[in-house]
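Here are a few exercises to work through with the model open beside you. Try each task before you read its solution.

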Amino acid sequence: MFKKYIILALTVGFSYTAKAQFANHGPQVFAAAIQGSHFLQDKAGKEYVFTVVRGVPARLVGYELASQKLIVNSALNGTDGSWDMEVSTDNTVYISGNGKMYAYNLGDKEAKDLGLVLPNQKVVWDLVAGKNGKIYGGTYPDCQVYEYDPKTGFKDIANGAVQAGENYVRSVVFDAKTDKVYAGVGSHAGLVEIDLKSKSKTQLLADQDKYHEFLYDMEHIADVKGGDRIIGWFNSANKLETVIYNLKTKEYEKRFSTIEVKSIAKRNKSNEVYYTAAGKVYVLDFGNSKLEPKEIAKIEGRGRAGYIDKNGHYNVVTASHKVYTINVRTGAIEKEITLDVPKAPISIQSIMWGPDNKVWSGGYLAGNHGTFDPVTGKHEDYMGLHQSEGMASLGNTIYFGNYTHAELFAYDVTKPWNLRTGSPKFIGAIKNQDRPFAVLPLANGKEVLFGTVPGYGRLGGAITHLDVKTDKYITYENIIPNHSVLSLIEIDGKIIGGTSISGGLGAIPVEKRGKIFEWDPINQKVLWTDSIDNHWSITGLFKGPDNGLWAFADGTLVKYDIHTRKVVFKKEVYKYNQYPSHIWRNGLAVSHPNGLIYFTLSDHFYSYDIKNDELKMLKKDPSLMILGKNNKVYFRIGTDLWSYTPEGY
């Protein structure tokens, strides 16, 4: 009898099959990145500084400068960051957001959500104060400028797009003397004058600036010798420069190196303005016809906002959380304080299984990285790198493809992470490119390939060959004319790529169909191309459970025979009703040892059984996807890393 019980127990034990399960491993990437900032002085003369901490949600934090006391820490629900902040003539703080605007008054515990500024707008880029408590702002994606009146609310002041065919109003200034708003446009630069009285719009961009992508930040300089000015910062893949436009003479009168326009502050009844650039403080005297900037002090961090205090000193808050008070006559730093800025979780932009058997996550916009150890459950922060669009490893080295300017970095995981000592090491930036989504280490162990999306307003991606021994790289641009290279895979001894007709943001596609192609890595040329039906993109290439090549043609899962160059299977999972603003990363998939395909597409998590043609939707909200060596599937939901363990594993 005793032996029978033992046999029964063993039988029951071995018949157990682990159930499938999801697990949330929490936020992975953190930052105390500050964006829109502003100084404020109340009626009693007390001085404050406010800034927005990027995160999900973003937070408005404010400090009384004398005591450094935190006076507000308010969630900005519905937005993950703020590109600008402004103080109105009635001393209300306004904060830009994801298509919204927020307001804060001294003494309030929380910022007030004012709602969407205009229909269908996703981002408010810039703000400027008008008369009588009004605020003007610029938007994306419809290139609009709005007015906010606390009494009547929001209205469009430019009758639609400020500049036809464009998406971005990145900067706005207001001239109180003439009742005109000036808008800086992208992704094909423009400077547009909007007359609030006549409603007319006038393009002021110089012919020589038409190659620029954006007129990013602007500041209006009033009451200086020679006439009021606009100082603006042009940004493009080829060149960054600051310009001064004279509103009186209607001429561009000076061009010089890039500055942090948001840090500009002017002394009353003076021709002098102060600003920061690359860790230095400068004075620019409009009373001097040469208009040559003069360095007066050194600081740490990029200037986020500038202010002339009641003592006539220049104050600046920097991205490094410091507030400097500088004597403008002597250049002496009279005071330096460090704000206690709280960290916040930020959205995950990219994930990979590292050579250290950890899940690596890269952060959106604010950058930074984090790791999750599946064995110990421990999380570690890796701070300092910008937004990684793609990551992959070769040996012990992780290769990062970062936005902007397609910067390439390499990190040996056996060494300490220390940016100051070149670990990770900066390799270079790919000319004319912006987003390296595709990162492919080759089986020969000698090269890593990068597939990229070009800069804003541009068409024509590239493939870059990186020699991992020498760190030298060669770029082959526009290999598929007017297409971006979004996906690369090495399969059956061939390099296969997938493209999208989308280019950099703001670029209008000229092609009709995405391409699948073979790349010859020896002779560096395209061997053949093909399209699939009328799909705009072919991305997310992966090796299926049957060892064949699979991919996503927009929202359709497809299998493609690279030898016959024919589609042998397709299954529509998601259908686009119309062409979106862009298609870069679409579906991402892995082949599991259990024989199933798991993939994310349009923020849904699916499994697909190729033998039984069975598609199952397992969870809403996920995106991105990798397979760990532990046979768990990892993906993101917002700021959080999740895993899925299939049944039996």
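**Exercise 1.** Are F214 and Y456 buried or exposed?

*Solution.* This is a predicted model, in which local features need pLDDT of at least 70, side-chain atom pairs count only at pLDDT 80 or more, and totals for chains, interfaces and linings use all residues. Residues are numbered from 1 along each chain as its sequence is written, and side-chain values use heavy atoms, with hydrogens and water left out. Start with the cut-offs: buried means under 20% relative accessible area, exposed over 50%, and partly exposed in between (1.4 Å probe, protein chains only). F214 is buried, and Y456 is too.

**Exercise 2.** Classify the aromatic pair of Y136 and F174.

*Solution.* Rings of Phe, Tyr and Trp (its six-membered ring) pair if their centres lie within 6.5 Å; planes under 30 degrees apart count as stacked, over 60 as edge-to-face and the rest as tilted. The structure holds 48 aromatic pairs. For Y136 and F174, the centres are 5.4 Å apart with 20° between the planes, so the pair is stacked. Strands here are DSSP runs (E, at least two residues), numbered from the N terminus. Finally, check the burial: Y136 has a relative accessible area of 3%, and F174 has 8%, so both count as buried.

**Exercise 3.** Now classify the pair of F214 and Y456, and find where its partners sit.

*Solution.* With 4.9 Å centre to centre and 80° between the planes, F214 and Y456 are edge-to-face. F214 lies in strand β19 (residues 214–221), while Y456 is in the loop between β41 (447–454) and β42 (462–467), 242 residues apart. Both also belong to one aromatic cluster, together with W83, W125, Y140, Y168, Y216 and W233.

**Exercise 4.** Which ring has R170 over its face?

*Solution.* A charge sits over a ring if NZ of Lys or CZ of Arg is within 6 Å of the ring centre and within 35 degrees of the ring normal. R170 lies over the face of W83, at 5.4 Å from the ring centre. In another such case, R435 is over the face of Y403 at 4.0 Å.

Key
Helices (H or I, at least four residues) and strands (E, at least two) are DSSP runs, numbered from the N terminus.
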